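Please look over the sequence and the model shown here before reading on. The briefing that follows takes up confidence, strands, cores and a helix pair in turn.

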Amino acid sequence: METAESNHPTNGEGPKERQYSRLYRKFVFLTLISSLVPLLLLGWGINIYYSNFSSARMKEYFQSQVEYHRKIIELFLKERTQDLQLVALTHSLEQLQKQPNLMRVLDAINREGQYFTDLGVISEQGKHFAYIGPYDLMGKDYSQTFWFKELMEKKVFISDMFTGFRDAPHFIIAFLRFEGERRWILRASIDTDYLRSLVENVKIGHTGEAYLLNQAGIFQTSPRSSGKIMGKAPLAVGQFKEDSGIRILERDQSSPGPQLPKQIVAYAWLKEPRWLLIVKQDYDEAFRNVNHANQATLIILLLSFLGIILITVIITRTMIKTIRKRDQESDQLNKQLMQASKLASLGELSAGVAHEINNPLAIILMENQVVRDSVEETPTLEEEFKGQLQESLSQIDAQVQRCNLITHNLLRFSRRTISLIEMVDLNAFLREVIQLMEGRGKGMGIQFNTTLEKDLKPILSDPSKLQQVFLNLITNAMDAHEGKPYGSISISTRSNSERQGVEIVVADSGSGISPENLERIFDPFFTTKPVGKGTGLGLSISYSIIEQLGGAISVQSEIGQGTQFTLFLPFGPAKDSQKNLEEVPDQPSLQDPEKEPRK
Amino acid sequence: MKKAKVLIVDDEVAFADNIAKLISKRGYEVTTVNNGQSAVEALDESDFDIIILDLKMPGLDGLATLKLIKGKRPGVEVIILTGHGSMESGIDGIQLGAFDFIMKPVRFEDLHEKIRQAYQRKLVHEENVEGLMPDSQ
């Protein structure tokens with residue numbers, strides 16, 4: 001069944017829907033802005049902070065690595081130098097010239113580890129006096145070698161890696177001993193494997209490595225990545241410095257040859273010999289963890305993004321749905337209020353009109369009587385004319401009575417009166433009302449069906465007013481069957497404990513009411529009956545009566561199917577109807593004058 | 001039977017005159033006034049049996065006039081004329097001692113009937129009073 005309400009708002013729906021979707025977009029947009037912008041800022045901030053922090057940590061790590069290894073290498077070299085010094089200072093040339101002595105000394109200084117590969121005693125002129133080692137170096141002349149000259153000045157000398165007479169990279173430590181008038185040199189080759197293992201075994205990830213360079217930029221150890229011991233390093237060594245340092249080497253696009261990736265390089269100079277220790281790693285690998293962390297942050301950020309969007313959309317949907325429901329409810333309420341206020345103001349208006357019309361009607365009636373009297377008093381009138389005149393006068397009387405009925409109804413519609421409240425057994429009451437109408441119904445082929453709830457609680461209401469309402473509804477229901485050979489009117493009662501009252505449904509199988517008419521059905525003077533048949537006040541009066549009694553009346557109808565009026569009546573009289581009456585004290589009860597007015 | 005004296009109080013001059021015309025023909029002595037104040041003054045000049053009083057009048061309204069009338073002449077019978085809207089005021093009028101009320105528009109026969117009834121009651125009432133207090137005449 002279609003109701004007047006559901007039929008109504010079809011043309012207002014377009015712009016409203018647009019409003020909702022605009023609201024929807026606005027909410028989503030604002031929510032996203034206000035949640036995503038801080039999220040982005042936070043993510044960005046965390047990223048920057050974390051990158052800086054971990055980059056600093058990484059640099060610190062590299063620097064400590066390089067310093068640590070420098071210390072180890074320096075310590076190693078220092079110990080070996082001291083070993084040699086000790087030997088030179090505690091032995092005379094004569095002692096060391098003897099091969100077995102020299103052998104014993106070599107064994108002694110190699111007791112802790114095979115650090116020294118050979119040991120030799122060399123004269124001031126650069127000739128070997130004695131030699132212990134795997135190579136045959138006896139009698140070789142060193143006077144022209146680079147280290148020999150330098151040793152003469154420095155007393156102690158640690159060489160760079162060189163191949164020398166033996167064709168294998170090695171380095172030597174030499175000590176110049178002053179023994180009285182004589183000068184002689186104790187010279188030892190250091191096992192390069194051991195030193196190289198110290199440096200070359202430094203492993204940091206896949207690309208991390210350490211190596212030594214001399215001042216000329218020649219590899220003193222073999223780097224793991226590229227290059228070989230004694231090879232030339234592809235980077236500039238720079239000047240000797242006390243401090244260790246760290247540098248990030250960008251990819252050098254301009255230089256020829258194979259491209260090195262971006263690298264982090266920590267470096268430190270050894271004091272003696274002046275070798276440069278380098279610990280380095282590919283930048284990307286070193287910062288892989290940082291990048292991982294950044295990627296994780298990015299993923300979390302992305303997930304948060306999606307989550308926020310999803311939640312925003314869901315929440316906004318729900319919110320819009322709620323708003324739409326509220327709007328619809330308030331629309332409905334507004335419609336009801338408008339209907340009520342329309343009827344109220346129409347009531348005021350009609351009361352005024354009725355009053356104003358009653359006076360002239362009274363005068364017309366009196367004038368009528370005056371004429372009637374005059375006719376009676378005039379014996380000279382022709383009989384025919386007299387008859388005609390009297391008929392007209394009666395007709396005037398009748399028409400004034402008709403007007404009188406209309407104004408009477410109008411005033412009933414508008415008036416607020418204290419009801420004569422009694423206990424009403426609605427079921428019995430309705431049976432009586434039906435009984436009144438049954439005779440007329442039979443003549444029209446209309447059958448009455450009742451579905452009355454058993455043991456219905458009686459209500460406190462005004463039976464005479466209720467009778468008026470139900471007589472009116474049933475009359476309308478019967479009139480709706482005009483042109484149909486038969487039909488039925490069903491009346492049912494049902495108590496509604498939630499609303500504290502009774503619901504009464506009066507349904508007919510008549511012709512139904514079109515949606516346009518359904519909207520105006522309670523308006524005064526609205527009628528579909530032919531002129532003269534109905535005043536259009538019946539339902540208006542019913543409406544105002546039910547409202548006065550604290551109830552409600554609504555209607556549903558479908559063309560061709562019938563119409564259904566649903567009335568609600570509270571168990572007890574409504575409180576605000578009492579209040580209304582207190583506000584209008586000079587309009588007391590419309591009661592039988594015989595009875596004691598309640599005041 | 002002596003002629004009953006009727007005072008008609010209504011601000012609608014045409015209406016008052018018509019009633020006056022009609023009931024004087026039917027053997028009453030009629031006076032018309034068009035407001036409450038004149039009605040009260042008319043009471044001073046002459047004695048009335050019946051007063052037909054319209055409730056809705058400018059100036060002194062019907063109910064106030066009724067109070068003054070009843071204060072001056074408690075024995076006079078008052079028939080109230082009222083529009084539908086002020087039917088409740090008609091009931092108020094009865095409480096204030098009016099004989100009855102009639103709603104406008106009214107057929108003359110009905111009005112005439114009410115006047116007759118009122119006059120009869122007045123007569124009965126007077127008899128009773130005379131019967132109770134024979135010394136008063």
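Two strands count as paired if DSSP finds at least two bridges between them, and both helices (H or I, at least four residues) and strands (E, at least two) are DSSP runs numbered from the N terminus. This is a predicted model, in which local features need a pLDDT of at least 70 and side-chain atom pairs count only at pLDDT 80 or more, while totals for chains, interfaces and linings use all residues. Residues are numbered from 1 along each chain as its sequence is written, and chains are lettered from A and ligands numbered from 1 in the order in which they are written.

**Confidence**
- For the complex, the predictor gives an ipTM of 0.80 and a pTM of 0.47.
- In chain A the pLDDT is below 50 over residues 1-12, a stretch that has 12 contacts beyond near neighbours in sequence, a contact being two residues whose C-beta atoms, placed from the backbone, lie within 7 Å.
- The pLDDT is also below 50 over residues 576-599 of chain A, where the model has 28 contacts beyond near neighbours in sequence.
- Chain B has a mean pLDDT of 84, and 89% of its residues reach 70 or more.

**Make-up of chain A**
- Chain A contains 14 helices and 16 strands.
- Of the 599 residues in chain A, 27% are buried, meaning that 20 or more other C-beta atoms, placed from the backbone, lie within 10 Å of the residue's own.
- Among the contacts in chain A with a separation of 6 or more, 62% join residues 24 or more positions apart.

**Strand pairing in chain A**
- Four strands form an open sheet in the order S6-S9-S8-S7 (chain A), and their pairing is antiparallel.
- Strand S6 (209-213) and strand S7 (245-249) of chain A are the edge strands, each with a single partner, so one side of each is left without a neighbour in the sheet.
- S6(A) pairs with strand S9 (residues 276-282) of chain A in the antiparallel sense over five bridges, and A:Glu209 stands opposite A:Lys280 in S9(A).
- Strand S16 (residues 562-570) of chain A pairs antiparallel with strand S14 (residues 501-508) of chain A over seven bridges, where A:Val502 has A:Leu569 as its bridge partner in S16(A).
- Seven bridges also join S16(A) to strand S15 (residues 552-558) of chain A, the two running antiparallel, and the bridge partner of A:Glu558 in S16(A) is A:Gly562.
- S15(A) and S16(A) make a hairpin with three residues between them, and A:Gly560 in its turn has a positive phi of about 85°.

**Nonpolar cores**
- A nonpolar core is a set of buried Ala, Val, Leu, Ile, Met, Phe, Trp, Tyr and Cys residues joined through C-beta atoms within 7 Å.
- The largest has 55 residues, and those touching the most other members include A:Leu213, A:Leu276 and A:Val279.
- Helix H2 (residues 13-90) of chain A gives the most to this core, with seven residues.
- Leaving aside residues up to four places away in sequence, A:Val279 touches residues including A:Phe62, A:Val66 and A:Ala210.
- A second, separate core of 41 residues includes B:Phe48, B:Ile80, B:Phe101 and B:Ile115.

- The axes of helix H8 (residues 288-377) of chain A and helix H1 (residues 13-25) of chain B come within 9 Å and cross at roughly 35°, where axes are lines fitted to C-alpha atoms, for helices over the stretch in contact, and angles run from 0 to 180 degrees between N-to-C directions.
- Residues making the contact include A:Ile363 and A:Met366 of H8(A) and B:Phe15 and B:Ile19 of H1(B).

Terms used
pLDDT is the predictor's confidence in each residue, from 0 to 100. A residue is buried if 20 or more other C-beta atoms lie within 10 Å of its own, exposed if 12 or fewer, and partly exposed in between; C-beta atoms are placed from the backbone.
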